[in-house]
Amino acid sequence: MKVRLDEQTIALRAAREFEDGSVVNLGYGMPALCANFIPEGRRVFFQSQNGVLGYGTLATDEEKDYELINASDQPVTPSPGMCFFDSAVSFDMIRGGHVDVVGLGAYQVSERGDLANWGRPGRPATGMGGGMDLAVGAKKVIVTMLHTTKEGKPRIIKECTYPLTAKQCVNLIVTDLAVIEVTKEGLVLKEIAPGWTVEEVQALTEPELIVAPDLKEITL
Amino acid sequence: MPVNKSFSSPDAAVADIFDGATIMVGGFGSFGGLPINLITALAKQGAKNLTIITNAGGVGFELSKRIKPEGYQDIGILFENGQVKKFIGSVPALGGMPPTSPIERLYNEGRVEIEMVPQGTLVERIRSGAGGLGGFYTPVGVGTVVEAGKEKKVINGKEYILELPLTADFALIKAHKADALGNLVYRGTARCFNPVVAMAARVTIVEVDKLVHPGELDPEVIITPHVYVDRIVEVSK
C-alpha cells in the first residue's frame with residue numbers, strides 16, 4: 001500500500017536520529033512533536049531557546065504549567081536534572097556549539113542544504129524566531145517537512161526562492177515520502193515511504209537524487 | 001535609607017511612560033514570563049508612538065481564541081490599541097497562523113514599522129546595550145536578508161556581521177519574587193528574556209508574584225541584582 005507518513009510518524013522517524021546523551025533543540029510545529037518519541041533506553045536533553053535544558057515530554061492538560069514551556073509556547077514536563085537559564089545564555093549555548101541536533105521545519109530546502117523556513121510570499125510580517133541562530137549553531141540540522149506543497153510542487157528544490165534561514169546548514173531531511181541526506185556530492189535518498197518507487201519520489205523532487213546503495217523502506 | 005521601590009498598582013508603576021518612549025518587554029511568547037499586568041496597564045494608560053523591543057509581537061485577543069477557547073491577553077493589545085510606531089523583535093507575527101495578528105494587519109496597512117532580528121541576536125543586542133558595549137560580530141544572518149546594510153568582517157576565516165546594541169527608556173519585566181531592594185528570582189522558563197531586559201533600560205519596572213523583605217531571598221539564587229530594578233509591583237496570580 002502506498003502511504004504518505006503523517007506528522008506524528010515523521011516526528012517519530014526523525015527522533016530516531018537522536019543519540020543517547022545528546023542535546024537536542026526542537027523547532028516550532030512538527031519538530032516539537034519529536035519530544036514524545038525518544039527511543040527507549042536513550043536519554044536526550046531537550047534544550048529550548050527560552051532557557052531550559054533537560055525537560056521531559058509535552059505536557060498533558062492535567063500537567064500544564066505555563067511557567068514550564070518550550071519555545072513554541074507548549075507546556076512540557078519536568079525531568080530530573082532539568083535546569084533553567086536566561087535566553088542570552090541559551091543562545092550562547094546554541095551559537096557556541098553545545099547543541100548536538102536541532103529539528104526544524106522548512107518551507108524549502110535546496111540541493112546544497114540551504115534552508116528557508118520563516119518567510120513566504122504575502123506574509124512579510126512573520127519572523128525567523130531562533131531558527132537562524134539554531135541553523136548556524138547546532139552541530140546537526142534535521143529538517144522535518146512535507147515533501148511537496150499543497151499544490152503538489154516540490155519543496156526540495158535547486159535554489160530556494162523564499163527568504164533564507166541559513167546557507168548550507170541542513171544535514172538530513174525527513175519528509176512524508178523519504179529520508180534524504182545532504183552530502184557534498186548531492187542529495188542522497190536513504191529511505192523511502194512504503195509503496196513508493198524511487199521514480200515517484202524523484203518526480204516530486206527538483207534536484208537529481210543519488211540513490212543510496214543500501215536504500216530501504218522507512219520502518220518504524 | 002534606600003528609596004522605596006514598591007508601587008501600589010501596575011497603573012501607578014507605568015503612569016509616567018511618555019509618548020514616543022522606547023520600551024523593552026521581557027517574556028518570550030504569549031505565556032509565562034510576560035509582564036501582562038504591566039502591559040495591560042500601559043494599554044490603559046494610552047502612551048502612543050512607542051518603540052517596542054521584545055521577542056514576539058503577540059497574537060492579540062481574537063486569534064488567541066483559536067489557541068485557548070476563552071482567549072487570553074498578550075502584547076498584541078498594544079498593537080490593537082494603535083500605540084506602537086515601531087517593533088523590534090524576532091517573531092512579529094506567527095507564520096503558521098492565518099494573518100490576523102494585530103501587528104501583521106497594521107504592518108500590511110503601513111501603520112507600523114518592523115525591524116526583524118534573529119532571536120539570539122536580539123537578546124545579545126540587549127545584553128550588549130546593558131553592558132555598555134558597542135555591539136558584536138555574529139555569524140547568524142550571513143547570506144540572508146539580515147546582513148543587508150551591515151558591516152561584514154572575516155575573523156579566523158569565518159564571515160561575521162556587526163550587530164549594534166539596544167537600550168530603552170523603560171523595561172517591563174516579570175519575576176517570581178522580589179525583595180524590597182529589588183533583588184529578583186524567577187520561576188521556570190518564565191526567566192527567558194527577563195533578566196537581560198532588566199539590565200538594559202533607564203527605568204526597569206518589575207511585576208512579581210510575591211514581594212518579600214531583604215534577607216528572605218537566598219543570595220546564592222538571586223538572578224537579577226537590585227541595582228537594575230527601579231519599581232516593583234506585587235500582583236496576585
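## Core and chain contacts in a predicted model

B:I23 touches B:I17, B:L50, B:I52, B:A168, B:D169, B:F170 and B:L172, leaving aside residues up to four places away in sequence; contact means C-beta atoms, placed from the backbone, within 7 Å. This is a predicted model, in which local features need pLDDT of at least 70 and side-chain atom pairs count only at pLDDT 80 or more, while totals for chains, interfaces and linings use all residues. Residues are numbered from 1 along each chain as its sequence is written, with chains lettered from A in the order in which they are written.

B:I23 is also among the residues with the most contacts inside the largest nonpolar core, which has 139 residues. Such a core joins buried Ala, Val, Leu, Ile, Met, Phe, Trp, Tyr and Cys residues through C-beta atoms within 7 Å, buried meaning 20 or more other C-beta atoms within 10 Å of a residue's own. Strand β9 (residues 168-179) of chain B gives the most to this core, seven residues; strands are DSSP runs of E, at least two residues, and helices runs of H or I, at least four, numbered from the N terminus.

Between the chains, 34 residues of chain A are in contact with 42 residues of chain B. On the side of chain A that touches chain B, α2(A) gives the most, with five residues.

In the helix contact, A:S87, A:A88, A:F91, A:I94 and A:R95 of α2(A) meet B:Q119, B:G120, B:V123, B:E124 and B:R127 of α6(B).

Definitions and conventions:
A residue is buried if 20 or more other C-beta atoms lie within 10 Å of its own, exposed if 12 or fewer, and partly exposed in between; C-beta atoms are placed from the backbone. Two residues are in contact if their C-beta atoms, placed from the backbone, lie within 7 Å.
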